[in-house]
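Please look at the sequence and structure below. The dialogue that follows takes up several features in turn.

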Amino acid sequence: MTAPATQAVRRRVTVRGTVQGVGFRPYVHRLAAGLTLTGFVSNTAYGVLIEVEGAPDGVTRFCDHLTVEPPPLAVVAGMDVEDLPVTGADDAFTIRSTEQSPGRTHLPPDTATCADCLRDLTDPADRRHRHPFVTCTHCGPRFTIATGMPYDRALTTMTGFPMCPACAREYGDPADRRFHAQPVACPDCGPRLRLVPGFGSGIHLARDADALTAARALLADGRIVAVKGLGGYHLACDATDARAVDTLRGRKERGGKPFAVMCADLADVERFAEVSAAEREALTGPRRPIVLLRRRTSGATLHLAPGLCPGSPHVGVLLPYTPVHTLLFGLPGDPPGPRALVMTSGNRSGEPIVTDDDQALTRLAGLADAWLAHDRVVASPCDDSLLRVREDGTEQVLRRSRGYVPRPLRLPLELRPALAVGGDLKNALCVGEGDHAWLGPHIGDMGDLTTLEAARGAELHMRRLTGVKPVLFAADRHPAYHSARWARQRALQLPKPTPVFVQHHHAHIASAMAEHGVTTPVIGVAFDGTGYGDDGTVWGGEFLLADYDGYRRFAHLTPAPLPGGDAGVVNPCRLALARLWAAGLPWDPDLPSVIACASDELAVLQRQLTRNVACVPTSSMGRLFDAVSSLVGVCHRAGYEAQAALELEAVAASAWGAGTQAYAFGITTDPVQADPAPVLSAVVADLRRGTPPGVIAARFHRGVARAVLEICRHARRASDLAVVALSGGVFANALLEQECTDLLSGDGFTVLRHGEVPPGDGGLALGQLVIAAHGRQKE
């Protein structure tokens, strides 16, 4: 019973954050009932609205407990409390239907199947035994099924699946863990699986349990199956079958780019990879990203195909995160199948991930032998996220997508409503307003119409879910970027149709600052492969004195010609020879880079360099890594982005603990530059001595880190700044990032390095957003 009106109080509580689709209302209902309080709770477009009445101590305890132990997926970002007149009503506390109103709340990301649902899936006595879409309030799809806000079933792609009476009872029972779980369904009323055969494959159409059985058999037989997941299709095959892996690589024209591997469980992962406690936590947590793991050098009992990730000591691994994945590996009693499956994005190289079933049959034709599909529509494409775990247990997200999107990032400043379109590589959009920003899912490289259409779809989806109505558009300054042209077109719809164009490396540094909540100027070290510079050349080895208002280019890597522009990037051997030429070093015929080039190629390259034909100057650190990779003899022709640098890092890691010394860059002071000529000379000398490639590669990495320290010391003396932000794709290199961090920290610097925001171009839009929407970008 409610306390007498003279002793009672009534309060209105508004809870903001990720509080819808996470079981927050039944949590509030149980809390209020346990304290004998009356009132109601309701979802609104702003969050969760509660009115609660009862004894003062009970109401106080209720408010105190709201944020102490919220449901597993909830994140309380703020809470407002307002006193109201007491009504004296003694009705039970109720859960009201959602209020439809404009506003904004936070939708949780898609989440891996929880332990309770896995028990239901595997329990023969449960009515959801082997149900491929088992889910509850604590797990399952959210972002990829939501079509609008507030988050209710009518605004999800589950609206086409009317609930059966049993599911409806669970959905309406506040005591049930499926209360208002919008994807709730069962075999009687939910989505259905089907196996669609490829043309002329000899495979038969199958449905439901038969579809899974057939798919498992195909994978065990070395076939390639397109599997529809939460955010789109994967292409799957047996990761231990060399022929199957090579076939998939050839069909997808993937070059040597590594494939990700999904294993049935953690025990299977540990049969071929070293797994630390922090990596184990990342693998098994609710986000289920791809985690880069180091392969066992001995004692492996599960042998992956050699063509899985050639040239890399790491393998990207993830665990099942949907019931379909779990069933694909099989339950006890099922025929044995593969314990490790390649799970790579369902697309052709350069295209976005496929989500539509009809498009999957055409765009993946010739890649897959069969399609394991279902009839739940994907509202937004969402690729798998990718991360690595540092030695100290912290995570560096390299691709931020499923499991993270649309979780907001809290900003240290107030922004006008804006959309930033990122760059042309590893594209991801970002919308923001007030003190929040939302990075969208990974889209990919903006190279064709399908990717541009995917970007447009991602923009609409993010705007629907966040309520942001941009009054400003931001893009990269590169005049030829597809993303920049798109921003110009979008800006034409505004009263003042002028997008803000942000310098590439300034955006990188601003993204690191924003992630760490820093508002004061920093020394920014931005290392990447390419970025349009203020002087029209290709930048990428930059030291900036920067804040959100502007930047000054304090120092950079000494430029060298980039023969053939972007076309030359796929030929690290040419980059090596261009760097030798710029350093005044001869092309001796016994050097690996010279040997890798045919005589006519050498002649053309010589003419290009001496006549300065199609040779854009570049200060790119990424291109220097490529050049040294070839010079050492590691990689002369790149089949995918950053292959040469990744393989150089792998070789350096093999000799990292050998006490290697650092090569010394030439540091000039007027202007401040890091000249790699002495390093290249030392590399050639070590080659002449027969020094192992791993030692040379390790000395180069340490030399770059030492140059970073020296130039940051110059910057500190010149500016009095002692905070260094490390950003750009080169800092995905674990050896370099850690060595820079150790040297800088040991010299008294505070180091900002990326965590949840990718260091590469996948985080670029966040930097563009805060610079442009802050309103005082350097012109």
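Predicted model: local features only at pLDDT ≥ 70, side-chain atom pairs only at ≥ 80, totals over all residues.

Q: How many residues of helix 14 are buried?
A: Eight of the eleven residues of helix 14 (residues 572-582) are buried, and the helix is mostly covered. Buried means under 20% relative accessible area, exposed over 50%, and partly exposed in between (1.4 Å probe, protein chains only). Among the buried residues are Pro572, Cys573 and Arg579.

Q: Which residues of helix 3 are buried?
A: An α-helix has 3.6 residues a turn, so residues three or four places apart point the same way. In helix 3 (residues 115-122), Cys117, Asp120 and Leu121 are buried. Seen down the axis, these buried residues fall within an arc of 100 degrees, so they line one face of helix 3; the arc is that of the directions from the helix axis to the C-beta atoms. They pack against helix 9 (323-329), where contact means heavy atoms within 4.5 Å.

Q: At what angle do the axes of helix 18 and helix 20 cross?
A: Two packed helices are described by the angle between their axes and the distance between the axes. The axes of helix 18 (residues 643-653) and helix 20 (residues 693-719) cross at roughly 105 degrees and come within 7 Å. Axes are lines fitted to C-alpha atoms, for helices over the stretch in contact, and angles run from 0 to 180 degrees between N-to-C directions. The two helices are therefore roughly perpendicular to each other (65 to 115 degrees; under 35 is roughly parallel, over 145 roughly antiparallel, the rest oblique).

Q: How do strand 8 and strand 9 run, and which residue is the bridge partner of lysine 228?
A: Strands of a sheet pair through backbone hydrogen bonds, either parallel or antiparallel. Strand 8 (residues 225-228) and strand 9 run antiparallel, joined by four bridges; two strands pair if DSSP finds at least two bridges between them. Tyrosine 233 in strand 9 is the bridge partner of lysine 228. Six of the six residues of strand 9 (residues 233-238) are buried, so strand 9 is largely enclosed by the rest of the structure.

Definitions and conventions. Residues numbered from 1 in each chain as written. Heavy atoms only, no water.
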